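Please keep the sequence and the three-dimensional view at hand while reading.

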Amino acid sequence: NMSHSSGISVGEDLKTKFSEADKESSPTRLLIVQIENENLSVTREVDKQGGDQEDFKLISPAVPEVDPCYVLYRLDSFADTPCWLFILYVPSGARVRDRMMYASTRTAVKNDLCGSSVQFEYFASEAGELCFDELVKLRDGDASSVALSESEINALKEQNMERDTGAVGAAS
């Protein structure tokens, strides 16, 4: 079971926070979830200011500069029913151990925390990718650039490992 390979699980307080944010009456637009001391917690919460598209600009200033995070962004009218966008954000300056941890905990967070309410998901490595156009591409099926499959995630992990260990065992 890949989802819990990092040993980090979704705690009750986080589940409570998400179910509050998931309520129809909730003012919450986005949650930034980070791994701190082997625990997942909400490190930022931003309220709605406008519509789905307008508020997308709130994501970029909310994410940490060098640390990875999960972005949970509430979409009210983008799809047929209100749902969530899940972004695994791993800036290029992030430490290898952190990249690995976030990549391997991703499935647990998505499934255990959000369940079926996540309808869109993508991976971003720079703030510029946190834009509404990426989401539209995803919805309209033009998302080869951002949608991330399990195999790509594993490739990403290996690639980062090699880069940081000086390509140990690489064929000369």
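The text below treats the overall layout, the nonpolar cores, the salt bridges and a few individual residues.

## Basis of the report

The model is predicted, and local features need pLDDT of at least 70, side-chain atom pairs count only at pLDDT 80 or more, and totals for chains, interfaces and linings use all residues. Residues are numbered from 1 along each chain as its sequence is written, and side-chain values use heavy atoms, with hydrogens and water left out.

## Overall layout

The chain contains five helices and five strands. Helices (H or I, at least four residues) and strands (E, at least two) are DSSP runs, numbered from the N terminus. Along the sequence their order is α-β-β-α-β-β-α-β-α-α.

Of the 172 residues of the chain, 45% count as buried. Here buried means under 20% relative accessible area, exposed means over 50%, and partly exposed lies in between (1.4 Å probe, protein chains only). The chain exposes about 8800 Å², of which carbon and sulfur atoms supply 45%. Such areas come from the Shrake-Rupley method with a 1.4 Å probe, and for residues only the protein chains shown count as cover.

A contact means heavy atoms within 4.5 Å. Among contacts between residues at least 6 apart in sequence, 63% join residues at least 24 apart.

## Strands S4 and S5

Strand S4 (residues 83–89) and strand S5 run parallel and are joined by six bridges. Two strands pair if DSSP finds at least two bridges between them. Within this pairing, Phe86 stands opposite Glu121 in S5. Together, S4, H3 and S5 form a right-handed β-α-β unit. A crossover is right-handed if, with the strands pointing away from the viewer, the path from the first strand over the helix to the second runs clockwise. Six of the seven residues of S5 are buried, so S5 is largely enclosed by the rest of the structure.

## Nonpolar cores

A nonpolar core is a set of buried Ala, Val, Leu, Ile, Met, Phe, Trp, Tyr and Cys residues joined through side-chain atoms within 4.5 Å. Which residues have the most contacts inside the largest nonpolar core? They are Ile59, Leu85, Ile87, Phe120 and Leu135, in a core of 25 residues. Strand S1 (28–36), helix H2 (59–62), strand S3 (69–75), S4, S5 and helix H4 (132–139) each supply at least two residues of this core. Leaving out residues up to four places away in sequence, Ile59 touches Leu30, Val71, Tyr73, Ile87 and Leu130. A second, separate core has 24 residues, including Leu31, Val42, Tyr70 and Leu72.

## Salt bridges

Side chains of opposite charge can pair when their charged atoms come close. A salt bridge is a side-chain nitrogen of Lys or Arg within 4 Å of a carboxyl oxygen of Asp or Glu. The structure holds 13 salt bridges, among them those in the table.

| Salt bridge | N to O distance |
|---|---|
| Lys23 and Glu20 | 2.8 Å |
| Arg106 and Glu121 | 2.6 Å |
| Arg139 and Asp140 | 3.3 Å |

Arg106 lies in helix H3 (residues 96–114) and Glu121 in strand S5 (residues 118–124), so the pair ties together parts that are 15 residues apart in sequence. Arg106 and Glu121 are both buried. In the pair of Lys23 and Glu20, Lys23 is partly exposed at 41% relative accessibility, and Glu20 is partly exposed at 43%. Arg139 is partly exposed with a relative accessible area of 41%, whereas Asp140 is exposed at 51%. Salt bridges that share partners also join Arg29, Lys48, Asp52, Asp55, Arg74 and Asp76 into one network.

## Individual residues

Leaving aside neighbours within four places in sequence, Ile8 contacts Ile35, Glu38, Leu40, Met101, Thr105 and Ala108. The C-alpha atoms of Ile8 and Val109 are separated by 9.2 Å, although these residues are 101 residues apart along the chain.

Glu38, one of these contacts of Ile8, is found in the loop between S1 and S2. The loop between S1 and strand S2 (39–47) also holds Asn37. Most residues other than glycine have a negative phi. Asn37, however, has a positive phi of about 50°, and phi of Glu38 is near 65°. Asn37 is exposed at 72% relative accessibility, while Glu38 is partly exposed at 44%.
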